[in-house]
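Please look over the chains shown here before reading on.

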Amino acid sequence: MMSKLIIRDLTVEIVTPFGPIFPVEQFSLSVEPGEIVGLVGESGSGKTMAMRAVVGILPRNAHIASGEILLSDADNAFVPSSQQSHLRHNIAMIFQNPTSYLDPLMSVGKQVAEPLRFHQGLTRKEARTEAIELFRKVGIHDAERQFDVYPHHFSGGMKQRVLIAAALACNPKVLIADEPTTALDVTIQKQILELLCRLRDETGISIIFITHDLGVVSQLCDTVSVLYAARIVESASTIELLNAPLHPYSLGLIRSQPESAQRDRPLPSIPGQPPALNAMPSGCRFLPRCEFAIQACKQPSPPPLVQTSTVRSNACLRWRELQTLGLNYD
Amino acid sequence: MRAARLLLSVGFLKNNNLTLVLGIFLSVCWVVIAIFAPWIAPYDPIAQDVARTLQPPSFAHPFGTDNFGRDVLSRVIWGSRVDLAMGLGGVFAPIIIGCTIGLLAGYFGGIIDTLLMRFLDITISFPFFILMIAIISILGPGLMSFFIALALVGWVSYARLVRSRTLVLRHSDFVAAGQILGFSSIRIMFRHVLPNAALPVLVFIMSDVVLTILLGSSLSYLGLGVQPPLAEWGIMIAEGQNFISTAWWITLFPGLAIVILALSFSLIADGLAAQYKVSE
Amino acid sequence: MTEILKVENLNVHFKRSSLLDLMRRKKLVTKAIDAVSFEVERGSCIGLVGESGCGKSTLSKAILRLIKPTSGSIFFENGNIQELKGTSLFDYRRRVQMIFQDPLGSLNPRLTAGEVLEEVFYVHGVRKSANRKILVHSLLDKVGLSRDVVDRRPGALSGGQCQRIGIARALAVDPDLIIADEAASALDVSIQAQILNLLRDLRHDMGLTMIFVSHDLGVVRYLCDDIIVMNRGQIVERGGIDQIFDKSTNIYTRSLVESMPGLHRQDY
């Protein structure tokens, strides 16, 4: 039942009239069975694009230029990414805005039951029973009655639950959640996060959680990868990353959280803004905004992601020095 | 594979531009022909020559001559003046009236919107063509009556188009910002709302020009538009229809002229629409 | 300290009546703002928090006189803003400004940054083009933008830059009170911190009074002195940072604070 997902050196290319651009470069990630992995980055950092590549729903002008996506099957043998159907059947995805993924003219129950009939060949009645069971699983009360309700009667949080139920319909091994709580209120967000945690505990599903909110990561995720300008700059366990970030960008992100800031001081913010995809600086991409930059950072190609311990990897040349610095330097 | 994708994306973009460029090129050609008609046209368009009636196309008369011995080529060239004036002049008043009404209705809403939209409903509840004919019959045939009649009935599409865009834009943050900064309603409507509603209107103008030319030609054909002996394509077709089996060139060439002129404006409309989509 | 704004028993009701409801002789009334009263002291920064649909945006629109309240009154420096007309309304417009949530949507896509800012000065009486240019430059310096942005349209600017233009536009009329409606929540984390710092500095440098509307308790805790918690059109609780975050006994406030996704670093 449980599966391990390995993504190795994934690069996504978009062909434009002005030359190719790479929204995702050498993206590597491994997700253990039952693990919740966070992908953190700003808009345009490539986190969504990387996951779309995994599920095979890239925009029309984009394609995977290199890299492989491997998902182990029941016998723990890895199935190569050339077998798209294996990936598609076992990886499901949910999105930020549930409203636009639900058909307003179809009852919510039908939208969950329909794929069951299609993919698993269930009869109408069986599919209905199965869908109601899924509704219960994602915490929709009075599931029998809610089955025939149309999406506009549902709040944003409830719609997201329906979407999660639909995603779970075909028993996926991995669930990719693309900012599923960003559009929701904090109290509803908390409920959805708790639901995802519970689902993981009950079914052993692996979850990749895309977000820009480090607070959510700290509540939910076991490990986290930070993306900046199309590349992963740091991967670590959540606790390690939040307490001792070893990349200047993760460090800056954590320090600029208003939750943890002191009121009488300015927020320690990162100056400047992320580079555009078609105008990447040479060398380390964070270089123009980095307070730790040295001459060596200007090398022609971006510093590669290197393992710094068994469970951590990092793309900063000066990570050893950062280790001694800690979070609260001035 | 990659090369194919590249070609596709580049080709797609060029294709868009090509439509627009071709449309503009053809329209400019027509405008040039219209402006320089007296110098381009080989003969006087209304000069009759009884000795040379119904002559088929030849070197002396590339498009042939009609039943009065008038040179068809010269008449087509001179006709472009009337038809362009009809098309461009005909949409002028509807644009001004329609945009203003649409803006007012959409921006202020409430009772103003209700009144203006009921007025619009009344106007469109009459069949368009019948209403045009009725108005022109009252005013008497001629180009001026045609313009007045269009001003009275042609504004509805513009009003609807602008109103629907204004309804959306009225709730946008930059309009709210203008209100908070104390900008006058006139300023917000004409500087902030209208320019952002203009592109779909521009696209529609291009197709409306075509429709107006066809309408003008149809009315001339019915004897309600421009009056003979003035060279106008619709009139030429009307006059030529009696001889269609013996002298096809009298109707064919003005017909082709209408098609090409209509095509050039349609191409601009298509190109603009595509460009609009890209910028969105 | 004197109060700059006073809201007294404000009600904003929206009537929802479809044809069917009319036939049933039923009128549905949504109470977007339900008997809200509070006052804002000059120079303070008030956080207005609540979940979507709690009425915080309607309240700010009522203060800005973009919608008409059903009953109740709003006093700005002891003058009832409902009674303002002509020049006194124009003067009120100059003194109360707003910063929007969506940086791109709050700017007219057809105007360059320079045109956006110059227009404000033009409407407010600076008729000489050269003078306007000087004023625009000093504004850009104030919000930390380089001067070459004046020729660019919003589409060619980043979210953070657009938000700075929005802030500059609000500052152009030298206001006393600024309502910031989720001013940083649409921005990326690293840019959000820059904008929050900018707002904080401007507030101190210019002595602005601020109402910071937000759903993000972390931001409010960092920026504001005083917090108003709203739910379903009513004020649930008002208090200082300690009161709301640590001592509140209100069930709704507690649930909001507990749902806040803070960084749990302590369990390391």
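**Fold, contacts and packing**

In chain A, 62% of the contacts between residues at least 6 apart in sequence join residues at least 24 apart, where two residues are in contact if their C-beta atoms, placed from the backbone, lie within 7 Å. This is a predicted model, in which local features need pLDDT of at least 70 and side-chain atom pairs count only at pLDDT 80 or more, whereas totals for chains, interfaces and linings use all residues. Residues are numbered from 1 along each chain as its sequence is written, while chains are lettered from A and ligands numbered from 1 in the order in which they are written.

Chain A contains 11 helices and 12 strands, taken as DSSP runs numbered from the N terminus (helices H or I, at least four residues; strands E, at least two). Its radius of gyration of 21 Å agrees with the value near 20 Å that a compact globule of 330 residues would have; the radius is taken over C-alpha atoms, and the globule rule is 2.2 Å times the number of residues to the power 0.38. Of the 330 residues in chain A, 44% are buried, meaning that 20 or more other C-beta atoms lie within 10 Å of the residue's own, with C-beta atoms placed from the backbone.

Chain A also meets chain C, with 31 residues of chain A in contact with 27 residues of chain C. On the chain A side, the elements giving two or more residues are α7 (186–203), α8 (214–220), α9 (238–243) and α10 (248–255), and α8(A) provides the largest share, five residues.

The largest nonpolar core has 188 residues, of which I208(A), F209(A) and F212(C) touch the most other members; such a core is a set of buried Ala, Val, Leu, Ile, Met, Phe, Trp, Tyr and Cys residues joined through C-beta atoms within 7 Å. Not counting residues up to four places away in sequence, F212(C) touches C45(C), I46(C), G47(C), L48(C), A180(C), V220(C), L223(C) and C224(C). Another core, of 46 residues, lies apart from the largest one and has V91(B) and I250(B) among its members.

In chain B, the axes of helix α3 (residues 72–108) and helix α9 (residues 185–221) come within 8 Å and cross at roughly 145°, the axes being lines fitted to C-alpha atoms over the stretch in contact and the angles running from 0 to 180 degrees between N-to-C directions. Residues making this contact include V91(B) of α3(B) and V201(B) of α9(B). The axes of α3(B) and helix α7 (residues 155–169) of chain B come within 7 Å and cross at roughly 35°.

Methods: A residue is buried if 20 or more other C-beta atoms lie within 10 Å of its own, exposed if 12 or fewer, and partly exposed in between; C-beta atoms are placed from the backbone.
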